[in-house]
Amino acid sequence: MLREQLACFLQLSADELEQRLPNSTEALASAHPGALDPSEAESFYESEVGDGHLYELAAWHLGSADYIADTLRLQAEIAHGQHLDFGGGIGTHALAAAQLKAVDHVWMVELNGSNRRFVQHRAEALGLSHKLTCLRDLEAAELPKIFDSLTCLDVLEHLADPSAQLKCFAQRLKSQDGVALLNWYFFKGHHNEYPFHFDDPEMVNLFFSTLQDLYLERFHPHLITARTYALR
Ligand SMILES: C[S@@+](CC[C@H](N)C(=O)[O-])C[C@H]1O[C@@H](n2cnc3c(N)ncnc32)[C@H](O)[C@@H]1O
């Protein structure tokens, strides 16, 4: 279904889409300017990436379906009430969360306009528009002040200040029963496949220090890379 939705959204034939998917990570990496100053990260995702993440994330989710399925199982255990998906990409997790009975509404925050439009297109195709809202950033007035749960998968390593993002989540997550589902990959890859990931050791130390100050990990049996947290 993702293939059909993406081909329809991009107005490509099935064959044209298949040709674009295999090289999508390299294409995104080559769009990257190299040593990106953290202060330029937001404008890279908002203005430079364009459709690049649609292809790259679709190729990844289709090629790693078992892993993505585990993250969705895990999300299904924690998502409830007003649920935030921060950096929601092509909407795989946001759309799945919107189908959960325990979830009242999904708020997907995503800098990239192509991604937001694609997720809205998918939500309409799936009859989920009434339960999913896509917004650019956490300052949007429509957003709840406090979320019952949040998902932030494969995003923290793209941010100029992942520690500040953790602090912001802690302020917006319900103190009782609130659960955050997080992962991170502060690594550019063995062959610089992911030049857009930040890996500065001081930034990473500060991230872990904030994580340990503010959050308590909850055990789950699904994956060791994606973790769930309550507030301390
Ligand atoms: C690697 S993708 C992950 C997408 C999705 N969470 C997933 O697991 O498939 C990272 C996403 O974060 C978005 N992003 C990067 N910086 C952001 C920011 N400051 N605010 C919101 N979204 C951001 C990018 O546009 C991109 O869609």
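Predicted model: local features only at pLDDT ≥ 70, side-chain atom pairs only at ≥ 80, totals over all residues.
## Parallel pairing around strand 1

Strand 1 (residues 81-86) pairs with strand 4 (residues 149-152) in the parallel sense, over three bridges, and strand 1 is also joined to strand 2 by six bridges, again with the two strands running parallel. Asp85 can be followed into both of these neighbours: its bridge partner in strand 4 is Thr151, while in strand 2 Asp85 stands opposite Met108.

How many of the seven residues of strand 2 are buried? Five of the seven residues of strand 2 (residues 103-109) are buried, so this strand is largely enclosed by the rest of the structure.

## Antiparallel pairing around strand 7

Strand 7 (residues 227-231) pairs with strand 5 (residues 179-182) in the antiparallel sense, and three bridges connect the two; one point of reference here is Leu182, whose bridge partner in strand 7 is Arg227. Strand 7 pairs in the antiparallel sense with strand 6 (residues 215-218) as well, in this case over four bridges, and Leu216 has Ala230 as its bridge partner in strand 7.

## The nonpolar core

Which residues touch the most other members of the largest nonpolar core? That core contains 47 residues, and Leu150 and Ala180 are the ones that touch the most other members. When neighbours within four places in sequence are left aside, Ala180 is in contact with Leu150, Phe169, Leu173, Tyr215, Thr228 and Tyr229. In soluble globular proteins generally, nonpolar side chains tend to be buried together.

## The shell around the ligand

The ligand is surrounded by 18 residues, and the closest of these are Tyr45, Gly87, Gly89, Asn112 and Leu153. Helix 4 (41-48) and helix 5 (52-63) are the elements that give two or more residues to this shell. By class, the shell is made up of seven nonpolar, eight polar and three charged residues.

## Two aspartates with positive phi

Asp154 is not a glycine, yet its phi is positive, at about 60 degrees. Asp154 is placed in the loop between strand 4 and helix 9 (162-172). Asp177, also a residue other than glycine, has a positive phi near 70 degrees, and is found in the loop between helix 9 and strand 5.

Are these two aspartates buried or exposed? Asp154 has 19 other C-beta atoms within 10 Å and therefore counts as partly exposed, since a residue is called buried if 20 or more such atoms lie within that distance. Asp177 has 12 other C-beta atoms within 10 Å and is therefore exposed, because the exposed class takes in residues with 12 or fewer.

Arg3 has its place in helix 1 (residues 2-10), and is partly exposed, with 13 other C-beta atoms within 10 Å. Although Arg3 and Ala58 are 55 residues apart along the chain, their C-alpha atoms are separated by 7.8 Å. Not counting residues up to four places away in sequence, Arg3 touches Ala14 and Leu17.

Ser24 is found in helix 3 (residues 24-31), where it is partly exposed, with 19 other C-beta atoms within 10 Å. Once its neighbours within four places in sequence are left aside, Ser24 is in contact with Tyr55, Glu56 and Ala59. The C-alpha atoms of Ser24 and Pro144, which are 120 residues apart along the chain, are separated by 35 Å.

Conventions
Residues numbered from 1 in each chain as written. Near = placed C-beta within 6 Å. Nonpolar A, V, L, I, M, F, W, Y, C, P; charged D, E, K, R; others polar. Pairing = 2+ DSSP bridges. Core = buried A, V, L, I, M, F, W, Y, C linked by C-beta atoms within 7 Å. Contact = placed C-beta atoms within 7 Å.
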